[in-house]
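Below are some notes on the pockets of this model and on one hairpin beside them in the discussion. Please read them against the coordinates.

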Amino acid sequence: MDDLRIKYLTLIADAGDESAIESLRVQAVGKKGEISLQMRELGRMTPEERQTAGPALNALKDEITSALVARKESLADAALDERLRSEWLDVTLPARTRRMGTIHPISQVTEEVTAIFADMGFAVAEGPQVDTDWYNFDALNIPGHHPARAEMDTFYMHRAEGDNRPPHVLRTHTSPVQIRHMEKHGAPCRIIAPGRVYRADYDQTHTPMFNQFEGLAIDRDISMANLKWVLEEFFAAFFEVDGIKTRFRASHFPFTEPSAEVDIQCSWVDGQLKIGEGDGWLEVLGSGMVHPHVLRSANVDPDQWQGFAFGMGIDRIAMLKYGMPDLRAFFDSDLRWLRHYGFASLDVPTLHGGLSR
Ligand code: DAH
């Protein structure tokens, strides 16, 4: 019995994993285990022999069983310790940066513009990029024979013979969103409408698709003074220069009366453009008081309501703010350009957090 005891205690101490423990259990105290077989022998002993051998065998069986349990537990503890040792993470290490895509300057600037105008109570409106020539022209007081139609280098959608739906165009400006918005929501209103526009034109500062945003504010007594304040507020926030000067030049657009083109103050030093200083001027937008014909096209009564509108090139102000010299590069999908001029995807522009960093 002592031999059995020493044999199994040694084997248990040496067992390296749970399955080794299990086979030792079968081998020692299982149905046909060595100790169980010994216990069967009890029947053939004399009562005296049985009296000492019986309790001794039971005690041996208990001892081996608890040694098995103890060894099993200590193996489990060791396994847990090993996991705790190997599966840890030093959360104080600096993060490994992974290259993700960047936010395109157009998207960035659209977000910046939206944040600034939202702060002044302007909502964002949208319209279709393929629109009827009525929304793109007629409703904006540009009738069929008007020279502005020819000036715009419009892309017309193909029409099959016999198709008598109204002619469709790729919108040449975001101004039709004015009509669509007022038709649907009436007056008063205060919106900006950013989006893509199309004209057949291509050089360093023109691409056949580009981006504009329209502004529209209609109420009972909105004036040019409100337009000027809103635009100056916008430029100061957008270019991050306080007290930036603007210049309103009398101009003509069919959809506004009076109309003004607006320049912002700038300087050229050593071929470098600086916005908000110096005595140069850069034209950045067209604007004016919404023409009564335009209000009427959108079922808004011009005797009750008036307001201002403006249209600005998003790509153009992006080029000015971030010093990008060639508009065509915006749409080349050149990864080097996108990485250089793109913005971090988690830096959402806000007025309180900073527009651009
Ligand atoms: N739609 C004009 C363009 O694309 C820009 C513009 C000028 C929009 C004057 C306006 C405006 O709303 O009042 O050239």
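1. E8 and H11 each supply at least two residues of the lining of the second largest pocket. H11 gives the most, with 5 residues. Helices (H or I, at least four residues) and strands (E, at least two) are DSSP runs, numbered from the N terminus.

2. This is a predicted model, in which local features need pLDDT of at least 70 and side-chain atom pairs count only at pLDDT 80 or more, while totals for chains, interfaces and linings use all residues. Residues are numbered from 1 along each chain as its sequence is written, and side-chain values use heavy atoms, with hydrogens and water left out.

3. The second largest pocket has a volume of about 440 Å³. Its lining comprises 19 residues, with Leu-273, Met-319, Leu-320, Lys-321 and Gly-323 nearest the centre. A pocket is an open set of points on a 1 Å grid over the protein atoms alone, where a 1.4 Å probe fits, with protein on both sides within 12 Å along at least five of seven lines; lining residues have an atom within 4 Å of a point.

4. Strands E7 (residues 256-269) and E8 (residues 272-275) run antiparallel, joined by 4 bridges. Asp-270, in the turn of 2 residues, has a positive phi of about 50 degrees.

5. The largest pocket has a volume of about 990 Å³. Of its 37 lining residues, Arg-199, Phe-210, Gln-212, Phe-253 and Glu-283 lie nearest the centre. H11 and E7 are among the elements that each supply at least two residues of this lining.

Key
Two strands pair if DSSP finds at least two bridges between them. Grid points are joined across faces, edges and corners, and a volume is the space filled by probe spheres set on the points.
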